[in-house]
Amino acid sequence: MRLAGKKVIALVDEEFEDLELWYPVHRVREEGAVVHLAGAEKGKSYTGKYGVPAKADYGFDELDSEDYDGILVPGGWAPDKLRRYPKVIQLIQEMHRDRKAIGQICHAGWVLVSAKILAGVTVTSTPGIRDDMENAGAIWKDEAVVRDGHIVSARRPPDLPPYGRAFCDLLAGE
């Protein structure tokens with residue numbers, strides 16, 4: 001249980017990519033970390049693109065980045081909604097400032113773009129938002145997983161096994 005004592009936020013909103021939320025959440029939990037699902041409304045059940053629900057343990061405004069070791073941003077269409085919440089942007093910026101683990105997959109890069117933290121950072125994402133990532137100053141790679149310091153990124157669901165491993169390794173300080 002190399003992640004015992006670690007706490008992670010997993011962001012949710014409507015139309016998250018089901019696997020891109022749940023696979024990393026379960027992966028981090030099986031290593032011993034506590035994961036709190038956070039949405040705009042505490043207790044609300046958000047529905048993934050394929051119908052899998054995710055109930056928010058906390059509302060965004062209840063969270064303090066100092067209480068957490070990392071944050072997971074799922075893909076799907078949720079990132080386009082998530083990046084519109086000032087508190088989500090604040091959490092990402094604070095996690096970045098404090099060099100805490102930030103995991104993003106697929107379209108989740110949009111949240112990091114809106115947080116303005118990608119200048120000079122090497123990342124990957126779904127190829128569909130490559131231009132957005134590069135226009136934000138990122139160095140984009142077409143690789144399954146890219147880790148640049150405290151930011152771990154992946155392209156899409158087939159990349160989930162190495163993404164989950166890389167995020168857990170980062171949280172473990174490896």
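1. The count of disulfides in this predicted model comes to zero. A pair of cysteine sulfur atoms must lie within 2.5 Å to qualify. The sulfur of Cys106 has its closest cysteine sulfur, that of Cys168, 20 Å away, which is too far for a bond. Cys168 is accordingly in no disulfide.

2. Both cysteines of this pair are shielded from solvent by the criterion used: Cys106 counts as buried at 9% relative accessibility, and Cys168 is buried with a relative accessible area of 0%.

3. Cys168 belongs to the buried residues of helix H6, which also include Leu160, Tyr163, Gly164, Ala166, Phe167, Leu170 and Leu171. These buried residues pack against strands S1 (7–11), S6 (70–73), S7 (101–105), S10 (145–148) and S11 (151–154), and against helix H1 (18–30).

4. Helix H6 covers residues 160–171, and its 12 residues reach 16 Å from first to last C-alpha, close to the expected 16 Å. Just after H6, Gly173 adopts a positive phi of about 80°.

5. The protein chain as a whole has six helices and 11 strands. Its radius of gyration is 14 Å, close to the 16 Å given by the globule rule for 174 residues, so the chain is as compact as a globular protein of that length. The C-alpha trace spans about 35 × 30 × 30 Å along its principal axes.

6. Of the 174 residues, 55% count as buried. Among contacts with a separation of 6 or more, 63% are between residues 24 or more positions apart. Carbon and sulfur atoms contribute 47% of the accessible surface of about 7400 Å².

Methods. Residues are numbered from 1 along each chain as its sequence is written. This is a predicted model: local features need pLDDT of at least 70, side-chain atom pairs count only at pLDDT 80 or more; totals for chains, interfaces and linings use all residues. Side-chain values use heavy atoms; hydrogens and water are left out. Helices (H or I, at least four residues) and strands (E, at least two) are DSSP runs, numbered from the N terminus. The expected span of a helix is 1.5 Å times one less than its number of residues. Buried means under 20% relative accessible area, exposed over 50%, partly exposed in between (1.4 Å probe, protein chains only). Contact means heavy atoms within 4.5 Å. The radius of gyration is taken over C-alpha atoms; the globule rule is 2.2 Å times the number of residues to the power 0.38. Accessible areas come from the Shrake-Rupley method with a 1.4 Å probe; for residues, only the protein chains shown count as cover.
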